[in-house]
Structures are given as structure tokens and as C-alpha cells.
Amino acid sequence: MIRLHHVPLGRSFRVMWLLEELGQEYEVAYYSIRDGSMRSPEFLALSPAGRVPALEWDGEVLFESAAIVQSLCERHPEAALAPLPGAASRGRYLEMLSYAETVGCLLENLNLNRVFLRDPAQASPVVIKLLTARLRAALGAMEARLTGAYLLPEGFSAADIMFAYSFELGRYYVHLEEFPGLMAYWARLQARPAYQRAKARDGEQDLYDRDFYPLPEG
Ligand SMILES: N[C@@H](CCC(=O)N[C@@H](CS)C(=O)NCC(=O)O)C(=O)O
């Protein structure tokens with residue numbers, strides 16, 4: 001039995017997409033960050049920081065998306081979605097798993113300032129501008145480095161699944177059209193049947209109430 005604890009448009013989408021790539025059957029328990037359900041004792045017993053993803057899997061519960069993604073890839077070596085220890089691209093792969101969360105933390109802090117603060121007047125325009133500039137720089141660096149179709153030279157991998165969260169949320173804060181190479185890469189990822197199957201199960205997001213959040217005035 002596999003049960004994914006999931007927030008629509010959350011980092012748990014990474015796990016959902018990977019489960020689809022691996023052809024696994026799984027149940028989904030849906031949450032909202034807004035309604036307090038992720039602070040219930042039942043959920044905290046699964047995920048101590050009250051975050052998604054959490055994955056119930058073979059009697060165990062795992063949290064942290066990179067750890068879950070790597071564990072699933074190791075359990076399914078036949079899918080060849082993660083370079084094995086000793087492979088030439090292993091270092092680059094691990095680098096990208098971590099880098100995906102460098103970008104993820106920028107996005108999380110932008111969400112806090114722009115979406116979750118109950119009184120938006122408490123948000124700091126200076127911090128918002130700084131975070132947005134750092135996000136643009138982080139994406140710009142990837143635009144410069146992405147020379148092939150995917151992050152790794154051998155083709156599509158779990159690193160792409162981890163990194164794609166940068167686009168799913170980044171598009172609310174940065175005009176991704178500034179990065180034509182990344183746009184083409186994201187389109188390639190979205191065309192994957194497993195991505196589309198996962199999107200069909202992702203659920204309705206309740207984080208954003210508009211398509212784009214421009215920088216504050218001044
Ligand atoms: N590094 C963790 C971050 C998990 C995380 O922060 N998830 C967000 C959703 S994308 C969450 O559950 N937030 C709930 C909260 O902050 O209360 C991972 O990659 O799994």
C-alpha cells in the first residue's frame with residue numbers, strides 16, 4: 001500500500017509525478033495549508049514538521065521530497081531515473097536534488113510574504129524584491145547551464161522532477177518568458193504522459209488568487 005499525503009501544487013507533486021513515472025498504484029490524502037489540517041496530531045505523527053509530502057509505504061512513513069524521490073528510485077532501479085553511485089553524472093544528480101530545494105526555499109518565503117500573511121501590510125517590500133531577485137538569479141543560472149534536453153546528459157531523471165517545482169511556482173513571481181531555454185525544457189517535461197496523469201490527480205490549488213504577483217511599487 002502506498003499513500004501520498006499531498007497539497008495541490010505542493011512539493012508532494014514531485015512524488016505524485018514520480019509514482020506515475022514508475023507506474024505505481026497509490027492513494028492520495030489531500031490537505032490544504034490553510035485549514036489547519038496539517039497541524040492535527042494525526043498528521044504530525046506522519047510528518048513532524050507538519051509538511052507535505054509524507055509517504056506511507058510498506059509500513060513505513062517518509063517525509064522530505066528528495067529523500068522520498070531517491071528512495072523510490074532506488075527501489076525501482078529498472079526505471080533508471082537516478083544515476084547509481086559511481087556513475088559519471090551522480091554528482092550532478094545529487095547537486096540538482098539539493099538545488100531544487102534552494103529554489104524551493106525562495107519560493108516558500110515568497111509564498112509567506114505574498115500569499116500567507118493574513119495582513120498583507122506586514123509583508124516587507126524589500127524582502128519581496130530581494131527574494132524575487134534571488135529567484136531570478138537562481139533560474140538564470142540554470143538557463144545558462146541547461147545545454148541538453150534534460151538536466152542530466154543521459155536523459156530524463158528524477159532531478160528533472162525535483163527541479164520542475166521551480167516553474168510550477170516560480171511562474172507566479174517571475175516572468176519565465178525571460179528564460180526561453182527553461183520554457184522549452186518545462187514544455188518538454190509537461191508533455192510527458194506521467195506528468196499529465198499526475199496533474200489530473202494534483203487537485204485544485206488554493207494558494208494563489210491571481211496568475212502573477214508583480215513586484216510591489218516603490
Ligand atoms: N524540504 C521539504 C519541504 C516541505 C514543505 O515545506 N512543504 C510545504 C508544501 S510545498 C508544506 O507542507 N508547507 C506547510 C507549512 O509550511 O505549514 C520537502 O522537500 O519535502
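## Backbone geometry in the loops

Asp-58 is exposed, with a relative accessible area of 52%; the term exposed denotes a relative accessible area over 50%, buried one under 20%, and partly exposed a value in between, with a 1.4 Å probe and protein chains only. The model is predicted, so that local features require pLDDT of at least 70 and side-chain atom pairs count only at pLDDT 80 or more, whereas totals for chains, interfaces and linings use all residues. Residues are numbered from 1 along each chain as its sequence is written, and side-chain values use heavy atoms, with hydrogens and water left out.

Asp-58 belongs to the loop between β3 and β4 (60-63); helices (H or I, at least four residues) and strands (E, at least two) are DSSP runs numbered from the N terminus. The phi angle of Asp-58 is near 55 degrees, a positive value in a residue other than glycine. Ala-80, in the loop between α3 and α4, also has a positive phi, near 50 degrees. Ala-80 is exposed, with a relative accessible area of 56%. A further backbone feature is the cis peptide bond that joins Val-52 and Pro-53, with omega about 5 degrees. Pro-53 is located in the loop between α2 (41-46) and β3. Most residues other than glycine have a negative phi, and most peptide bonds are trans.

## Strand β1 and its partners

Strand β1 (residues 2-6) has 4 of its 5 residues buried, so it is largely enclosed by the rest of the structure. It is joined by 4 bridges to strand β3 (residues 54-57), and these two strands run antiparallel; strands are taken to pair if DSSP finds at least two bridges between them. Within this pairing, Leu-4 stands opposite Leu-55 in β3.

Another 4 bridges join β1 to strand β2 (residues 27-30), in this case with the strands running parallel. Here Arg-3 is placed opposite Glu-27 in β2.

## Surroundings of the ligand

There are 15 residues around the ligand, of which Arg-39, Arg-51, Glu-64, Ser-65 and Glu-101 come nearest; a residue is included if one of its heavy atoms lies within 4 Å of the molecule.

An N or O atom in the side chain of Arg-51 is 2.6 Å from an oxygen atom of the ligand, and a backbone N or O atom of Val-52 lies 2.8 Å from a ligand oxygen atom. On the nitrogen side, an N or O atom in the side chain of Glu-64 is 2.8 Å from a nitrogen atom of the ligand.

Asp-202 lies in helix α9 (residues 193-202) and is buried, with a relative accessible area of 3%. A polar atom of its side chain lies 3.1 Å from the backbone nitrogen of Leu-9. Beyond its neighbours within four places in sequence, Asp-202 is in contact (heavy atoms within 4.5 Å) with residues including His-6, Phe-13 and Tyr-30.

Gln-70, in helix α3 (residues 65-75), is likewise buried, at 13% relative accessible area. Its side chain makes a polar contact of 2.9 Å with the side chain of Glu-74; such a contact is a pair of N or O atoms within 3.5 Å, where, within protein, one must be able to donate a hydrogen and the other to accept it, and residues adjacent in sequence count only if both atoms are side-chain atoms. Apart from neighbours within four places in sequence, Gln-70 is in contact with Ala-82, Arg-90, Tyr-93 and Leu-97.

Arg-114 is part of helix α4 (residues 90-116). A polar atom of the Arg-114 side chain lies 2.8 Å from the backbone oxygen of Pro-214.

## Cysteines

The count of disulfides is 0, a disulfide being a pair of cysteine sulfur atoms within 2.5 Å. Cys-73 is buried at 6% relative accessibility, while Cys-105 is partly exposed, with a relative accessible area of 38%.
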